[in-house]
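Please look over the sequence and the structure shown here. The briefing that follows goes through them topic by topic.

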4 protein chains.
Amino acid sequence: MASKKRKPPPRTYPAHRERQRKRILDAAEKLFVERGIDRVTMAELTAASGLQPSTMYQYFSKKDDIVWAIVGNIMARVSARSSEADASAKSGLDKIIAFLEYMAEELSNQRAQVRFMAQFDAMYSHDWPVERRLSLEAESNNMGSEVFREMIREGMADGSLRSDLDPDLTMQAIVNAAIGTQRRLASLGNKVELEYGQSIDRLFRETIRVIVLGLRATGSPQNEPSKRVKGRKVTPARRTK
Amino acid sequence: MASKKRKPPPRTYPAHRERQRKRILDAAEKLFVERGIDRVTMAELTAASGLQPSTMYQYFSKKDDIVWAIVGNIMARVSARSSEADASAKSGLDKIIAFLEYMAEELSNQRAQVRFMAQFDAMYSHDWPVERRLSLEAESNNMGSEVFREMIREGMADGSLRSDLDPDLTMQAIVNAAIGTQRRLASLGNKVELEYGQSIDRLFRETIRVIVLGLRATGSPQNEPSKRVKGRKVTPARRTK
Amino acid sequence: MASKKRKPPPRTYPAHRERQRKRILDAAEKLFVERGIDRVTMAELTAASGLQPSTMYQYFSKKDDIVWAIVGNIMARVSARSSEADASAKSGLDKIIAFLEYMAEELSNQRAQVRFMAQFDAMYSHDWPVERRLSLEAESNNMGSEVFREMIREGMADGSLRSDLDPDLTMQAIVNAAIGTQRRLASLGNKVELEYGQSIDRLFRETIRVIVLGLRATGSPQNEPSKRVKGRKVTPARRTK
Amino acid sequence: MASKKRKPPPRTYPAHRERQRKRILDAAEKLFVERGIDRVTMAELTAASGLQPSTMYQYFSKKDDIVWAIVGNIMARVSARSSEADASAKSGLDKIIAFLEYMAEELSNQRAQVRFMAQFDAMYSHDWPVERRLSLEAESNNMGSEVFREMIREGMADGSLRSDLDPDLTMQAIVNAAIGTQRRLASLGNKVELEYGQSIDRLFRETIRVIVLGLRATGSPQNEPSKRVKGRKVTPARRTK
DNA sequence: AATGAATGAGCATTCATTCAT
DNA sequence: TATGAATGAATGCTCATTCAT
């Protein structure tokens, strides 16, 4: 779209440009997450990047562009990591469990990032054109619907999932539920523990445990999602008779 | 210092005042939901209420106060309605189902309201003091944790729920998951259907179906959550032969 | 303080009206002096008076009117007190000394009041019509120019003042100098002592001492102004003779 | 984090910036003097400077900062000029006279400036930290206490001043009296002449004449302060027999 | 006489963005 | 490529005052 002709090549320095861009996005992501997307001003963004406002505008012509670029980065990161996740899984159910556990880890280790996405959805999804969102997803999302739907089909085929599921519908319902749960916990942050006395991680893992139980074929073997909290196994909080 | 006048007759016009207050809050809720909390200016708020800015400030001295008042109203409404919900339910599981179905209806009928709460959590929960939030909940929430925990205990006792649950933990996990799912769907709004080709209602009901299946005792009778969409029973979308 | 009236009789009550008026003026004077005339809002004034804003406007229809009323009160008080001052003095010089010492006492005992007048002059004298000021002075000032000019004439006649004075000019110069000095000291307040390490009272008394020396006939007897500080005589801080 | 760029060349446009700053301060000083510091709005300030409000805030981030900058400028100007004043004076008394006459000229020629300082003291000296004031004075005041105290010592040594003075105390008393008198006259402005029928200049010169007479050693020669009004010698208003 | 309610005009300040160099 | 300077359009909020009861 942007024809890159201006003057033949006015000897540009793409490496430096890329470095600056990254610098801006890193600073911005940090600030957005710390204080909320709308609460951060361009002036703060430039200060944090060590640039001048006017220089900033040479890289991003609108604040929104920065936000979208960050969203893109996060999505790319997530999808890159999540596609590694299910490598070792065998059954469809195992794959789903692997995916959900990946989300649990993300919630623990990339809380700020999750929180950012929560804000993004809450604040912008209504205003900004679907296409932009979709094109972002298309760009970065090899794990997306396709892959996940496949997991469900696979699970139904190999008998690890209950047979009365509608692959499309269930896939989307579960993904949405997991994301919604994850983001809500990230949004509330410390408030969760203050309010409920449970750690974020425990709550999320209990949620996926229930979901997995709900998906599993009745006679399916006991491969529950693990109960690791922040990396270490925990003794089961409840007596499985 | 200011004379301790006992307000001989508290000769205010409380009815009128209350009417104005409501006028403001209604207009504000509408705008907040339409355009996002932070995107609405005080000027728009006053214009929409048909008042002057200065008059507005006689009722709410800060924008935040309006936001919190709306949050309070919504919570009160929700808790009032939700406490009617489980009247007829018998088993613990039935009660939980009734509660989750109430949330499904809320998502359908009060989408804007749910979306508002989603924004509120995403944007403000970090910044505002827990106490304020907690006191609001205390004020309006008779359904809160207590009631819900009780449902789980009851369900475990009457055999409708699996016995390996930790009432506290599960209760909070489920409530959070349901709220997170509900709010995410409300936030995405039409985008959901554009993006996934599934209605919001169907997705949410599928989610609670899976959750309930995950909670249910293995031999528990087939009382699934209904598959009504927007009030009418739907023919099961899936009979996987 | 808090009027414990219920409903005495229904007719008009000039006594009550006068009491309310005083209440307002007292509160206002306090606030004006504490924080500066322009820095006090009508809302604060009404709060401090224990009245409603609208009630306030039944007594004073403009903020300015309150200010002028206070100025009037102060002038009346000052002139009442100052006319007692010179009762016992014999020579013209003695009378002048008595007058200046009266100002020293006023500076010590009514500092806030003096400060208020300083503000008034600095801020309002340019904007408000001379006539208003003059009429105020006429109302309350029996000591004014006339009296003071007379003192100088008397002093020249009885040999206590140097003979090369122009009564009109000198009178006004001295009065103005004394007032200017007094008000500046009151304005600076504690700052004076912090900055110069001298008490306000000492500085003012030294000033009038020099002035009186400047007025005195060369051979005039040693009736200097006293060196009392806050009421008690002090041993002369400097080598006389 | 913010790159420690050494500002390769401090490539600002300092000349232009300084010009703008001056433009703002000049306009502000004029307005403050004309209408009173608190009566001038930022909007008026910007309009008078020919700038946009937003541009203004790039130079001064608070109204207070403008006020203090003006105070600083005035003090610097005064101290620069006043240090030239006493160049030719021989005796200590002569130096004092030179200083007081300098103040008389300032009152005539820089009335607005004096009036501004009067307002500043009356309105702000209570609220603003002494340190700020002191640091300003330290910055600009080579004539300050030190110099003046020296004059008095010198005058006592050379016999031009009466011997019964306390250098510290007298110095401060006289300086304060002169400033107080000067500022009061400037504050009242035209009102002085309307009210008293004497020109400001005449009143101030009469004041310093009396003060000088009060300081002078009894046998000291007749070097009174001159009776020039606005630069021209005036015939003595009174016949010194 | 007292006061709850309303308000117009204004206020200091902010901010995303553009422009000239 | 970088940036100092400029700015139009808001923004949240205040205040003296009036009106109807």
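**Briefing on a predicted protein–DNA model**

In this predicted model, A:D201 lies in helix α11 of chain A, which spans residues 200–215; helices are DSSP runs of H or I with at least four residues, and strands are runs of E with at least two, numbered from the N terminus. Residues are numbered from 1 along each chain as its sequence is written, and chains are lettered from A and ligands numbered from 1 in the order in which they are written. Local features need pLDDT of at least 70, side-chain atom pairs count only at pLDDT 80 or more, totals for chains, interfaces and linings use all residues, and side-chain values use heavy atoms, with hydrogens and water left out.

**Surroundings of A:D201**
- A:D201 is buried, with a relative accessible area of 4%, where buried means under 20%, exposed over 50% and partly exposed in between (1.4 Å probe, protein chains only).
- The side chain of A:D201 makes a polar contact of 3.0 Å with the side chain of A:S108; a polar contact is a pair of N or O atoms within 3.5 Å, and within protein one must be able to donate a hydrogen and the other to accept it, while residues adjacent in sequence count only if both atoms are side-chain atoms.

**DNA strand E**
- DNA strand E is surrounded by 38 residues, of which A:M42, B:Q52, B:S54, B:Y59 and D:T41 are the closest; a residue is near a strand or molecule if one of its heavy atoms lies within 4 Å of it.
- Sugar and phosphate make up 61% of the atoms of DNA strand E that come within 4 Å of the protein.
- The surface near DNA strand E comprises 11 nonpolar, 18 polar and 9 charged residues, with Ala, Val, Leu, Ile, Met, Phe, Trp, Tyr, Cys and Pro counted as nonpolar, Asp, Glu, Lys and Arg as charged, and the others, Gly among them, as polar.

**DNA strand F**
- Around DNA strand F there are 36 residues, and A:H16, A:S54, C:M42, D:Q52 and D:S54 come nearest.
- With 4 residues, α3(D) gives the most to the surface near DNA strand F.
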